[in-house]
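Reader: I am new to this structure. Please show me how to read a few of its features.

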Amino acid sequence: SLTAFELFHSRPVQALRYLNVLAYMAIALCETPGWCITAKGTLAAECAADSGSLEAHHTFGFTPLSPLAGGALEACCVLLFVLQLGLKARFMGRHRFARSAPAVLQLLLLTVAAADLAVWCSSVSWRRTPLSRPLRPLFIVFAHRKLLSTFYAVVRMLPAVLELLLLISGLLAFSALISFVLFGPWEPPLAAFASYGSSFYSSFLLLTTTNFPDVALRPYRSSRATVLYFVVFQLTLVFVGLALMLALLYRAYERHMKSEAAVLSANRRRALRAAFALLVHDWQSAGAVDALSAEALPLSRFAPLLARLRPDLSAWQIGVIFEALDARKRGFLDPAEFDAVLCALHVR
């Protein structure tokens with residue numbers, strides 16, 4: 001598992017991961033559009049007859065790949081995604097992998113992409129399904145840990161603001177109806193409130209405070225009493241509704257970050273205890289059990305671990321760290337003392 005972890009996070013593999021995502025996204029620049037493929041897997045007549053237009057408008061000037069070449073390139077990218085996810089499952093373990101929502105979602109995305117390619121290659125349907133291509137940008141999210149964490153935080157915060165979002169949407173629709181009833185029959189007609197659709201669009205512009213004078217000044221020039229409607233709209237939806245939305249988002253994000261910190265801390269403690277138990281078990285399996293208890297880790301087992309975590313440390317520095325962690329000066333570490341190894345290495 002440690003070897004798989006180090007391989008997954010090595011620079012060559014990380015570069016390969018990003019290049020794979022870039023190549024998977026770049027397929028859209030040169031692949032043959034799906035509507036140009038007939039049920040038999042050949043080019044449609046309009047695409048075959050107008051190949052110049054196909055190059056200019058559908059592939060951004062690049063020479064279009066044949067359906068077979070595009071499918072083969074996509075299959076290679078999907079295969080690399082599967083290998084990367086397999087390495088991740090190897091160092092995470094089966095149970096933790098199954099409990100990880102991002103890993104499961106990525107597995108579902110790869111399943112959809114592989115099923116799409118399988119259907120395309122089979123005799124059932126030579127056409128691509130409309131599923132995998134729109135989902136390709138999600139691989140960018142899963143390729144970057146910070147971006148994935150942000151995306152996951154946004155998804156986790158949505159239930160907390162859903163009720164207020166529905167309330168603001170309802171008030172916006174009601175305000176659009178009121179503005180259409182008030183300003184729609186005016187002569188000369190106002191283009192911003194000529195129909196309910198245009199009234200809703202104008203109300204949305206007022207909500208975002210974008211082009212507010214363009215929407216409000218024309219009714220205001222005709223009748224200054226209209227300022228009452230716009231003041232009530234601003235107070236209700238902008239200064240109260242959006243302020244509450246911002247407050248709820250901040251509170252939801254704060255709760256999410258606290259829960260993430262708690263999960264990371266628990267995972268770190270669990271990993272440290274598992275590493276401690278494994279080191280002690282290996283030491284006892286070597287026959288060195290004598291008088292020490294099962295909760296003892298000597299320097300001989302601690303030094304190789306630290307040398308692997310921090311190759312820049314010399315032997316005497318590892319000895320100094322061991323003596324600093326051995327608060328009781330017994331010549332070995334117990335689990336509580338071993339838990340402080342990350343703090344001693346300044347690792348979070």
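Reader: Leaving aside neighbours within four places in sequence, which residues is F97 in contact with?

Author: Contact means heavy atoms within 4.5 Å. By that rule, and with neighbours within four places in sequence left aside, F97 touches L85, A89, M92, A103, V104 and L107. This is a predicted model, in which local features need pLDDT of at least 70 and side-chain atom pairs count only at pLDDT 80 or more, while totals for chains, interfaces and linings use all residues. Residues are numbered from 1 along each chain as its sequence is written, and side-chain values use heavy atoms, with hydrogens and water left out.

Reader: Which residues have the most contacts inside the largest nonpolar core?

Author: In soluble globular proteins, nonpolar side chains tend to be buried together. A nonpolar core is a set of buried Ala, Val, Leu, Ile, Met, Phe, Trp, Tyr and Cys residues joined through side-chain atoms within 4.5 Å; buried means under 20% relative accessible area, exposed over 50%, and partly exposed in between (1.4 Å probe, protein chains only). Here the largest core has 22 residues, and Y24, V78, F81, F97, L110 and F139 have the most contacts inside it. Helices α2, α5, α7 and α8 each supply at least two of its residues; helices (H or I, at least four residues) and strands (E, at least two) are DSSP runs, numbered from the N terminus. Another core, of 18 residues, lies apart from it and includes L190, F193, Y229 and F233.

Reader: Which residues of α7 are buried?

Author: They are P102, A103, Q106, L109, L110, A113, D116, L117 and W120. Seen down the axis of α7, they fall within an arc of 150° (taken from the directions from the helix axis to the C-beta atoms), so they line one face of the helix. They pack against α2, α5, α6, α8 and α9.

Reader: Is S179 buried or exposed?

Author: S179, in helix α9, is buried, with a relative accessible area of 0%. Its side chain reaches the backbone oxygen of A176 at 2.8 Å. Beyond its neighbours within four places in sequence, S179 is in contact with G184, F193, S199, S203 and Y229.

Reader: How many disulfides does the structure hold?

Author: A disulfide is a covalent bond between the sulfur atoms of two cysteines; the cut-off is a pair of cysteine sulfur atoms within 2.5 Å. The structure holds zero. The sulfur of C77 is 6.9 Å from the closest cysteine sulfur, in C76, too far for a bond. C77 is buried at 4% relative accessible area, whereas C76 is partly exposed at 48%.

Terms used
Polar contact = N/O pair within 3.5 Å; in protein donor to acceptor, adjacent residues only side chain to side chain.
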